[in-house]
Amino acid sequence: MNQIKNVKLNDGVEIPVYGFGTYQIPADGSTYKAVREALDIGIRHIDTAAAYFNEREVGKAIAESGIDREEIFLTSKLWLQDYGYEGAKKGIETSLKKLGVDYMDLYLIHQPYGDVAGAWKAMEEAKAEGKIRSIGVSNMTPTIWNKFVPQFNTMPSVNQIEFNPYYQQKEIRKIMEEVGVVTEGWGPLGQGNKDMLSDTVITKIAENHNKNAGQIILRFELQEGVIVFPKSVNPERIKSNTEIFDFELTEEEMNEIRRLDKGKGCHNPDAPGVAEFLLGAFDVHTDD
């Protein structure tokens, strides 16, 4: 697993291009087990969020792994409920406490609605204080980006967005590229999209390389310059997802997959009512 390279973000912080995601893994011991599995096979980048309700188990797995904290790149995210300057300050402290760490390597605005600018200011301060090494955003479309980012004193280091061969986010990635912001892709396997995993273009390329469809998809994303962190609770799948560093897709194969873009994903951050729906979805402070 030492083949996992780091890339340098626009603030000089280095991030591994491959990590492990914990979205929808329950905090019933499953998160702890899966994160330990990922760490044990050599993954050193773990992605969680306040709204995943599993920060405590992620922190416990890191603490009990025997791996130096400095060797692990840890991401968490601020939920809508805690936006605004004061709310974000509390949200940051809550995540640090639940994770049981002195600092987070990356901290993101999870959903870009409401007092994003106030939250960003608190994040900038926490970065200056050493509580966060790098700060970024998530789920920003071109419209949302143009609404909020001009209000920021510092440029985000990443935008974590939905990304897979069927939804390649070309417009926002072009905007980000111009200002040196890295793409992190959530749902890199289309959240188990059966059509995509059985797409003949992908399965044919998989046969050529003696790999499975998921491995081809992840390899494509890495070669596109996207940071990925697939999620699984299956130890064999966690391991097989990492087996993408011993081959390379040709430019022709990359172009074949680029042509699969449908320009539409499962989440539309610009849709009316999304902010209200997400704000009322749950209470991130139930387990404080």
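**Lys121.** I began with Lys121, which sits in helix H4 (residues 116-128). Helices here are DSSP runs of H or I with at least four residues, strands are E runs of at least two, and both are numbered from the N terminus. I am reading a predicted model, where local features need pLDDT of at least 70, side-chain atom pairs count only at pLDDT 80 or more, and totals for chains, interfaces and linings use all residues. Residues are numbered from 1 along each chain as its sequence is written, and side-chain values use heavy atoms, with hydrogens and water left out.

I looked up the accessibility of Lys121. Lys121 counts as partly exposed because its relative accessibility is 44%. The cut-offs are under 20% relative accessible area for buried, over 50% for exposed, and partly exposed in between (1.4 Å probe, protein chains only). I also checked Gly84: Lys121 and Gly84 are 37 residues apart in sequence and 8.6 Å apart in space, C-alpha to C-alpha.

**Lys211.** Next I found Lys211 in the loop between helix H8 (200-209) and helix H9 (213-223). Lys211 has 17% relative accessibility, so Lys211 counts as buried. I listed its contacts, not counting residues up to four places away in sequence: Ala206, Ile216, Glu243, Asp246 and Phe247. Contact means heavy atoms within 4.5 Å.

**Gly185.** I then went to strand E9 (residues 182-186), which holds Gly185. Gly185 is buried because its relative accessible area is 0%. Leaving aside neighbours within four places in sequence, I noted contacts of Gly185 with Ile161, Phe163, Val226, Ile227, Val228 and Phe229. Gly185 and Leu222 are 37 residues apart in sequence and 9.8 Å apart in space, C-alpha to C-alpha.

**Pockets.** A pocket is an open set of points on a 1 Å grid over the protein atoms alone, where a 1.4 Å probe fits, with protein on both sides within 12 Å along at least five of seven lines; lining residues have an atom within 4 Å of a point. Points are joined across faces, edges and corners, and a volume is the space filled by probe spheres set on them.

I read a volume of about 1000 Å³ for the largest pocket. The largest pocket has 40 lining residues, with Tyr23, Gln24, Trp186, Gly187 and Gln191 nearest its centre. H9, helix H10 (235-241) and helix H12 (274-279) each give two or more residues to this lining.

The second largest pocket has a volume of about 260 Å³. Its lining residues include Lys5, Val182, Arg219, Leu222, Val226 and Ile227. Strand E1 (6-8), H9 and strand E10 (226-228) give two or more residues each to the lining of the second largest pocket.
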